[in-house]
Amino acid sequence: MKKAALILVSLALTLAVSCAAPYRGAVEYAMGAEVTQTVWGAGEDCLKAAFDAIAALEEDVSYRKDGGVALLNSGKTVNGGDAYGIIVKSVELWRETGGAYDITVLPLVRAWGFDSGEPHIPAASELASALAITGGENIIFGADGIRLANGAQIDLSAAGKGAACQKAVETYKARGASGGVVTVGGSVGVFGTKNGSPFRIAVRSPFDPADAIAVLTLTDTYVSTSGSYEKRFFADGAEYHHLLDPSTGYPVHNGLISVTVVCGDGALSDMLSSACFCMGMEKSLPLLEKYSASALFVREDGAVFVTKELAPYVECESYEVLP
Amino acid sequence: MKTKLFKKADLFIALAVLITGIAALLLISLSQGGGRTAVVEYRGETVKVIDLDSVKEEYTFTVKGDLEVVIEVSPQGIRFLSSPCPDKRCVEFGLLNKKGQVAVCMPAGVSVRIAGEGEYDGVTG
């Protein structure tokens with residue numbers, strides 16, 4: 001009888017401990033995007049601390065705020081902080097991609113009106129003057145820090161959301177959570193497990209925003225997507241989107257409609273998704289390999305391609321595994 | 001010789017653990033099972049909570065966020081009916097009726113989500 005009681009007790013304990021209920025936060029806003037958070041084995045304090053970390057990051061990396069990026073754009077020198085670290089990675093990627101990934105695109109983004117929410121086709125002269133000050137060579141590394149030359153202006157939007165996911169995940173870890181999922185716009189960070197299971201991340205269909213084109217089962221990594229179906233407008237019978245080619249100043253058209261990158265570094269997952277979108281599928285493969293990242297490409301015709309490292313974690317109606 | 005099957009302390013422990021277990025089960029069933037509840041939020045604050053399963057007739061309401069958006073509730077689900085935002089991503093998202101689904105109007109700071117654990121833990125894109 002005593003044994004029976006013990007078994008009962010341990011069963012109940014196992015049930016209570018192993019099935020920690022998730023704590024879901026409200027939808028909040030930072031980095032120009034919506035932030036959602038769910039943690040296992042932690043609660044509201046943990047989510048609040050994570051959001052504070054994201055807000056602090058935003059202050060330093062958003063050109064709209066007053067931190068590092070704003071200082072650089074106003075001609076000052078910066079030699080530390082979150083923005084500094086992302087800029088160092090960005091310049092390396094700018095070199096690796098032959099200029100396809102470029103954070104000095106802010107004048108181009110402004111010329112197209114993508115920063116104002118009222119996008120339009122820029123006048124040729126406006127585009128030419130923006131292009132004249134675009135280029136990673138305008139980011140100068142000196143003994144006292146980084147500064148911008150030639151009137152260049154930087155925008156870390158293509159890195160910030162992924163970096164924000166990492167800030168949140170670092171907070172979950174530090175606070176002893178057993179699992180967590182954070183989404184900042186189209187970037188996702190996953191950490192630990194949900195009661196022993198990995199996380200299921202839907203890749204939004206570029207053709208129907210309520211539908212998933214694929215599902216990735218992952219943990220302890222970061223996922224970001226760049227898609228031409230976001231922030232687009234129609235003018236003169238043509239479609240224009242926000243992923244600009246820094247060499248032409250025009251939206252990239254290479255047959256891709258979205259690129260999803262999985263990488264162990266949050267900012268890099270975000271940066272690589274932009275870089276790969278601009279470079280196209282073939283040229284992206286060696287780049288992904290160099291950064292130990294993997295990707296899922298969706299073509300405008302709906303065909304899906306997955307790098308071989310990611311293939312075991314992908315559920316998708318039909319896809320081709322890349323060599 | 002007669003021995004006691006349970007000491008008093010054993011019983012207390014067993015009871016305490018049983019109650020914890022039942023509470024955990026209840027919490028899990030509350031968060032996973034049952035009805036669909038839509039939560040409308042403005043910048044992290046709950047504006048409205050709607051039990052979708054009790055909706056018999058279609059109706060709309062307005063949320064005065066940073067922009068004024070119109071949300072439609074029907075027995076089929078909930079959606080952004082209209083928004084003065086430039087990109088209309090919120091309206092394009094369409095009907096939400098599955099747990100875990102989220103639609104957001106960024107310029108208005110208004111979001112709609114179906115509470116509970118969904119099919120997916122996160123969405124990229």
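Modeller: Gladly! A helix here is a DSSP run of H or I with at least four residues, numbered from the N terminus. Please keep in mind that the model is predicted.

Colleague: What follows α9(A)?

Modeller: S292(A) does, with a positive phi near 50°.

Colleague: What makes S284(A), L287(A) and L288(A) the buried residues of α9(A)?

Modeller: A residue counts as buried if 20 or more other C-beta atoms lie within 10 Å of its own. In α9(A), residues 281-290 of chain A, S284(A), L287(A) and L288(A) are the buried ones. Viewed along the axis, they fall within an arc of 100°, so they line one face of the helix.

Colleague: What do these buried residues pack against, and which residues are exposed on the other side?

Modeller: The buried residues pack against α4, α8, β14 and β15 of chain A. On the other side of α9(A), E282(A), P286(A), E289(A) and K290(A) are exposed.

Colleague: Why are β8(A) and β9(A) called paired?

Modeller: Pairing takes at least two DSSP bridges. These strands share seven, in the antiparallel sense, and S205(A) stands opposite D208(A). A hairpin of two residues joins β8(A) to β9(A).

Colleague: How do you know that β8(A) also pairs with β8(B)?

Modeller: The cut-off is at least two bridges, and three join β8(A) to β8(B), therefore they pair, running parallel. A202(A) stands opposite V123(B) there.

Key:
Residues numbered from 1 in each chain as written. Chains lettered and ligands numbered in written order. Predicted model: local features only at pLDDT ≥ 70, side-chain atom pairs only at ≥ 80, totals over all residues. Buried ≥ 20, exposed ≤ 12 C-beta atoms within 10 Å, placed from the backbone. Arc of directions from axis to C-beta. Contact = placed C-beta atoms within 7 Å.
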